[in-house]
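Me: Please take a close look at one interface in the structure shown below. Then relate it to the rest of the structure in one connected account.

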Amino acid sequence: MNLTVRDLAVARGGVPVLEGLSFSLAPGRALVLRGPNGSGKTTLLRTIAGLQPAFAGEIEGAGERIAYAAHSDGLKSMLTVTENLRFWAQVFAQSDIDPALDAFDLRGLEDRMAGTLSAGQKRRLGLARLMVTGRPVWVLDEPTVSLDTASVARFAEAVRGHLAAGGSALLATHIDLGLDEAEALDVTPFKAAPRVSLEDEAFL
Amino acid sequence: MIALLLRDLRLAVRAGGGFGLGLAFFLIVTVLIPFGVGPETGLLSRIAPGVLWIGALLACLLSLDRIFALDWEDGSLDLLATAPLPMEGIVTIKALAHWITTGLPLVLAAPALGVLLSLPPSGYLWVLVSLALGTPALSVIGTFGAALTVGLKRGGLLLSILVLPLYVPTLIFGAEVARRGAEGLAVQTPLLMLAGISFGTLALLPFASAAVLRINLR
Amino acid sequence: MTPDLGKYAFAVLASYGVSLGLIIALVALSLRRARRTRAELEKIEERVKRHG
Amino acid sequence: MSIWEYANPVKFIRTTDRILPWVSVAAVLCLVTGLVWGYFFTPDDYRQGSTVKIIYLHVPAALMAINAWIMMLVTSLIWIIRRHHVSALAARAAAPVGATFTVIALATGALWGQPMWGTWWAWDPRLTSFLILFLFYLGYMALWSAIENDDTAADLTSILCLVGSVFALLSRYAVLFWNQGLHQGASLSLDKEENVADVFWYPLLVCIAGFVLLFVALVFLRTQTEIRARRSRALLAREGRT
């Protein structure tokens, strides 16, 4: 099943930032969103993840198929790496966390408290969470922040594995991950015309 | 859902605070009361049920803003919202976790603190019963207040103002059960009302809390 | 003409004083805020109109 | 012609602008007439003496304190169901008015209670209920001013108003249960209208009308203010965006 977006408009604080956006993401493919800061990539990803309502347009094949990862990893510093992962696995009704630990090179850190990890290690743990959701569509907002080159390569490998297994990924990132399966989509042309927010509109 | 409950309980144990803070506050209130009102046993035993209830309520109030604040800050709340859990379930579990970490210890500590306040022997059972029945309502109502103020910078004071009037019925009936029990009077009517409030809030308020949380995450 | 309030004079007079004081304060505050927001809005609308 | 037309901010302002002067004049007339009549031209009660004159303030204020909350409940529901901005702003505008009336009811109740009960404050069920109502008003207004986004604030306060109404009713019964209290016989109560003789009843009616009109006038005025403030902000936002 594809993730399909038709004539989508997304709004930040009631003000549309992107509009007229359409794309389709097939299983095994990745789509990399590009555009300057503040262009609405985060808002678009949050909307597709179902965290906020779309301003206009349709989203198909999202909902329960989305695994979302943003700047905050939702890690608990007082829980160990294993406990953090196992918690999310249980929430998403999965049981196996070993592949995730392997894929993101977290072996040897299993019993460390998440609070004692370095920024890069935390980030890897946050991304490992994606693998334990068992969901096919990864929606990732700047996933490579605070990762070193080796970790970026490892992350790209994990994404590639996910795609090979029939998953798909929608990413907002500035770094070239070297994914053959990826297409790029520049969101700049879809910048919404300047207008007031819906809540303000009632008063004009 | 159970995973969420277990995680919250584990966090409460590891981070300290959870169990300790409310309990310590409860202890402080009950220890200080006799210094304030005088050591006369008759007076103390008369006000003991009410003091225990007030102490428990304030201790509960103290920890409310922690219900959602930490999960809000580290992004867990966003991630939970995309998880296959109903929001109503999340807020109910959050309230339950708050009750187990704050309410339950208060219930269990109350008889011990009753000794300090010369609670009449007939009162122990009813203080225990009324708190056991009433503190879940305090947690559920408090969760609603916490959901309203999640993400606000100075939410703590606002939370207290919002929750204070909502706590009045629970306090009245709960303290009334304890008082009547201590004086050897019939407790049936206030006990039924207290049970009604607890079950009523538990059944209905999570819907309001979930709606409020969805609005705040938007 | 003025009624003899007897021993309750304080209670009655204070009631009227407090109530009327509060009402007048509320009305005055509402009016002042109404005037200010109205003026501010007119200023903004004027500017918007001039700039097209 | 539907009542929802007045949910349009412009239409609301235009209509209320026309009505407001009349309502204001009527409110002042009724209040002056009622209070002067009640204060100067009614006899003392044989048991309460001259304190009976307090009812001309206490009863209408208490009545409107409750009615203001009910009006906020209704407008909150309208906002939740139909999402008319004017409705949410009217609820916001009514809250300080209702809170002021609650304070008046409390203050006059306490001043009346001092000679009658021999104490400024008694935890009489009615007074206590109004104290709780005041706390509800306080929380409601605090929540409105704490949240930056206007629509979010309207959503949250509406739900608080709904939940608060249920708990206010609960508190009312709880307080009655808790203290059947100091009301020694209805004849010594301020609030039992059936015991009020005609001499007191007619000026009281005029005062109640005056308080109702005053409430309406203030809510109209304050809602207009809220609408204008929102419009200013909307215009500034548009300016900043283009």
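Reply: Between chains C and D, 25 residues of chain C are in contact with 30 residues of chain D (two residues are in contact if their C-beta atoms, placed from the backbone, lie within 7 Å). On the chain C side, 16 of these residues are nonpolar, five are polar and four are charged. In this scheme Ala, Val, Leu, Ile, Met, Phe, Trp, Tyr, Cys and Pro count as nonpolar, Asp, Glu, Lys and Arg as charged, and the others, Gly among them, as polar. Four pairs of chains touch, and the pair C and D has the most contacts.

This is a predicted model, in which local features need pLDDT of at least 70 and side-chain atom pairs count only at pLDDT 80 or more, whereas totals for chains, interfaces and linings use all residues. Residues are numbered from 1 along each chain as its sequence is written, and chains are lettered from A and ligands numbered from 1 in the order in which they are written.

Chain C also carries an annotation: an unreviewed UniProt entry places a "transmembrane region" at residues 6-29 of chain C. Such positions are given in the numbering used here, with shortened feature names, and annotations may be inferred rather than shown by experiment. In the model, residues 6-29 of chain C are 88% helix and 0% strand, with the end C-alpha atoms 35 Å apart. Helices (H or I, at least four residues) and strands (E, at least two) are DSSP runs, numbered from the N terminus.

Chain D also meets chain B, through 19 residues of chain B and 20 residues of chain D. On the chain B side, α7 (123-149), α8 (155-182) and α9 (188-217) each give two or more residues, and α8(B) provides the largest share, eleven residues. That side of chain B divides into 18 nonpolar residues, no polar ones and one charged. Chain B has a mean pLDDT of 90, with 98% of its residues at 70 or more; pLDDT is the predictor's confidence in each residue, from 0 to 100. Within chain B the confidence is highest in α7(B), at 95, and lowest in helix α1 (residues 2-14), at a mean of 84.

Some pairs of chains have no contact. Chains B and C are not joined, their closest C-alpha atoms being 23 Å apart; chains A and C do not touch either, with nearest C-alpha atoms 10 Å apart.

Chain A has six helices and eight strands. With 204 residues, a compact globule would have a radius of gyration near 17 Å, and the 18 Å of chain A agrees with this (the radius is taken over C-alpha atoms, and the globule rule is 2.2 Å times the number of residues to the power 0.38). Of the 204 residues in chain A, 42% are buried. A residue is buried if 20 or more other C-beta atoms lie within 10 Å of its own, exposed if 12 or fewer, and partly exposed in between, with C-beta atoms placed from the backbone.

Helix α2 (residues 81-91) of chain A links this chain to chain B. Its buried residues, among them A:Phe87 and A:Trp88, pack against α3 (98-103) and α4 (119-131) of chain A together with α1 of chain B. In strand β4 (residues 56-60) of chain A lies A:Glu60, which is exposed because it has 12 other C-beta atoms within 10 Å.
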